[in-house]
Structure formats: structure tokens, C-alpha cells
Amino acid sequence: MYFGISLDCHMDGQLGVHGENSLAPQLLERFLELGSPDQSKDELEINTKTPLKICAVKAGGMTSLAIDNLGALWMWGLCPQENSSSDGGLTFVSSFSPIPVWDFHGHTVVKVACGNEHVVALVSAGETYKGDDLVCYSWGGNGHGQLGLGDRESRVHPEIVETFNQDIPWTVYEVACGAFHTALLTHRKRPSETLESMCWTFGLGDKGQLGHGTTQSTLVPEPVKELPQPVYLVSVDCGLFHTSVVSSAGDVWSWGMEKGLGLCPDASFTGTDAGDALSPLQISGDGLHEPKFRDPVQISCGAAHTVVVAHDGYKLWSWGRGRSGVLGNGKTIDCFTPSMVLWPPLNEDFQQEELNSTVGEGDKIVDHKNSDAGSEMDKKLSLAMEEMKLLQSKLSIMERYASVLHGSIFGKPFEEQDIPISLQNSGTFDVAREWENMLESSDRSKLVRLELFYRNMLAGVKDKMMKKRIQEIIKEYLPSSTQEK
């Protein structure tokens, strides 16, 4: 059921409940029932005996989607609907509660993604998913060709992306959507000794987010040819205007808007260079100790930042725009290269929860003989945790302070490789020698920046000294009554 109301930034239904904004989680009651539009009451009662649960969710610009355990797709928020005017076309209407996408009734929806106005879903060819039988569907807004259907006409109902419905050796297994572009991962249909996959992109390409080496948009899926082969990509995701993938070997590539936000660690801006990476650029690990993201799990893109989960889920890295602390590394500055996310958090609640989760029922029997020793050990652990938290807090403050100074002087965030060699090797820091080494290794542009920084700093000091001297003269020679006036 659609609700035809006027659109409002606070009333588009993306919460899935009718009414105003909610500060607390609300139960989405529509998931308690499911039935075909033409299903009989008896059939509906039989189906509802199996309780529904959600297996996957996705959120786009103003739309939310969910896949349940029966393989049905639900949608709420701004939903596409045929325009009632004579010219037909597409409009978006708010649905305040989840509605099933009936076009896929009788099939299993396996994956789904959505951008600002479009949706892409991977659906089984038959009733059940058998492994390599996924069909790619798309619908919604198509002003930039983000549906991959060969034109710019929007669609109210899902249509098959014909590129992957033809007799080609590839089948789609992952999908992601940016604001107005789409990325897909495919692998060979027939088993092969070599794990091999390809990334395909289409839609808006003005910031290089398609990775085709140009800024042109594409109406049909095209492979990202500059990714190395053979390679097996385990995850793909899209930001507003960039795309990132991670391979099974732990290699990460990104392309799209703004090299300076970590898409290209060695970015340099000259002339009219927009800073866009038009082709895939490999992202290195965090400095000297992590050349790769070993045992990768997933890659995820925000509007202008990227996060990688690796080491089988035990470690996270992030890079890009750092506003509001979105990178999770204890800083709010932009990071040009991947930095470790502060995970797991070192706090008592987390440690206690982890400890409780590892204790079985049999372990809860108290041994009174060892209770005193255990109590003493708990105290020592508690003190150690307090000291670790204090040290972590001090380290975080010092890192922020160093980053501010380093960014002011050199114009980029402080990174591990910037630590002076003498401090790395001996634990002592020879200021004079390191200053000479830094000047010797700096090119002209860095020397010019240093000169400008210290000139501005010296000018500021002289200005403050002059103001102080003027205030002293006024106090010395003018009567106190005049000063008060």
C-alpha cells in the first residue's frame, strides 16, 4: 500500500512507521505478515505460521530495503510509482511502512543495493537460489544510466540488466550503489582452477567513479579493465562519488572523487587537476608493518571515506574525510592513507562482557579455596586496565597535538613513516640533526611552504609584541581616569 502525501524532509517514511520522527526504535509490524496480492485467506494463514526474520538490510538516500528469510524483498521510504499525469513517467511517493516488492514473488532475492533514487537486486532465476543462477534487476531513477539498461529512462518496475542475461561466461555475485552509479562483481559460471572475477560499473562517471579512465557516464555495464588479472574480489562498495574493492589476497583498489581523501595516497594537485582518480589505484596498508589487509572480510564506503574489515574480522582500517570522528582512529582530521580503527574499545564494560561470554555454565561453580587469589588477581587486572586507559587517553591527546602541528607545518596529517629515524632507532631525539636531515631531503615546494609558515608565525609574534608594547605605553603615560573612559 502506498501513501500519497506531499514530500517533506522529515516525512518521507524512511523509518518505516507512520507519523513524525522517532527518537527510539520502532517495531516494523509489516514484517509480521506476508502474502501474495491474489493469495487466498487459507494460504495466507498457512504462510504466516512461519515467523519472518530479516536476513539483510540496505539503506539509500531516502529509501530502505530488507530481505526476509523467505527471500522476499521489502521497501519503504521513497518508493517509485507511475506518474498519474498524461505523460506517465516516474515519481517517488512516501511509504511509511515496509511494502513487499511483488515483482519478485515466486523467486528468492539474495542481494540488494540502492543509491539516491535507484535499486539493484540479485534474484534467483527459479524459486530457490542454486548458486550461479542469479539474475540482475534494476529500477528507479535512471537520469545517468545507473540502471544499466542502455538508456536514461526511469523504471517503476524491476527490469533485467540484459548484459548478464546473455550467453556470457560471467555471473553476478555482489552489487553496490553510489549516489548515481552502480558496481557489480562477477565470476566465471564454470568452475576453474584459478579464482577469477571482474568488476563492472555503469551510471554517472563525472568524478571518475566508474574507473574507466574517463569522466564519461556509461549506460550499460562495462568492466573496470585496469584491475589486475587474475584476481578474485571478495567485496565492493560505493560512496557518493567513489568506488572501492578488496581482493581475497588482501589488496584494495579505489577510484573516483578526490585523491586527497585517501583514494590516492601520493596525491599532488597541480594546475587544473581536480584530484580525481579515473582508474583503479592500489591502497597500501598502514605504513611499515601492514603491507596488506590480510584475510579481508568486507569493504564499505561512506560519502567520502572508506572502511576495511580484515584479519577475519579482528581488525579495521579507515581512510578519507575524518570529520565528526567518522574514521574511528581517535582523530577528526582527514587521513591520506589507511589508519587503524581503535578496536576493540578498551573499557571495563567491553572487557567484562567479553569475559562473561567465554564463561560456560560449568565454570560458574565457585572454588572457595581460590576465591581470595582470584579476587587479588581481579584487582590487579582492574588496576592494569585503568592504567591502560590512562595511557591510551594520553597517547590519543599527543597524537592529536602532533597531527595539528604536523598539518600546520607540512600540510598533511602525521603518519607513522614521519617519525624521525633517530627516535625510531634509539628512543632519543636529536632536534638539530633531524632538522638538518629534513631540510636536506626537502624539495623546493616543501622549503617554500616551510618559509611561508615561519614567516607568518614570526609576523604574528611581532604583531602581538607591538600590541603589548602599545598597551604598556598607554598604561604608563595616560591617567587612569582616561584609560577607564
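In this predicted model, the largest nonpolar core has 18 residues, and those touching the most other members are Val-120, Leu-122, Cys-136, Phe-164, Val-175 and Leu-184. The largest share, four residues, comes from E9.

Leaving aside neighbours within four places in sequence, Cys-136 is in contact with Val-120, Ala-121, Leu-122, Glu-159, Ile-160, Val-161 and Leu-184. There is also a second, separate core, this one of 17 residues, with Ile-67, Met-75, Val-101 and Val-135 among them.

Arg-155 counts as buried because its relative accessible area is 11%, under the 20% cut-off. The side chain of Arg-155 makes a polar contact of 2.9 Å with that of Glu-159. Setting aside neighbours within four places in sequence, Arg-155 is in contact with Pro-80, Leu-90, Trp-139, Gly-140, Asn-142, Leu-147 and Leu-149.

Four strands, in the order E13-E14-E15-E16, form an open sheet with antiparallel pairing. Strands E13 (233-238) and E16 (277-283) stand at the edges with a single partner strand each, so one side of each has no neighbour in the sheet. On average, neighbouring strands here are turned by 15 degrees against each other, direction ignored. Strand E15 (residues 252-256) runs antiparallel to E16, and four bridges join the two. Ser-254, for instance, has Leu-281 in E16 as its bridge partner.

Methods
Residues numbered from 1 in each chain as written. Predicted model: local features only at pLDDT ≥ 70, side-chain atom pairs only at ≥ 80, totals over all residues. Heavy atoms only, no water. Buried < 20%, exposed > 50% of the residue type's maximum accessible area, 1.4 Å probe, protein only. Polar contact = N/O pair within 3.5 Å; in protein donor to acceptor, adjacent residues only side chain to side chain. Contact = heavy atoms within 4.5 Å. Pairing = 2+ DSSP bridges. Axes fitted to C-alpha atoms, helices over the stretch in contact; angles between N-to-C directions. Core = buried A, V, L, I, M, F, W, Y, C linked by side-chain atoms within 4.5 Å.
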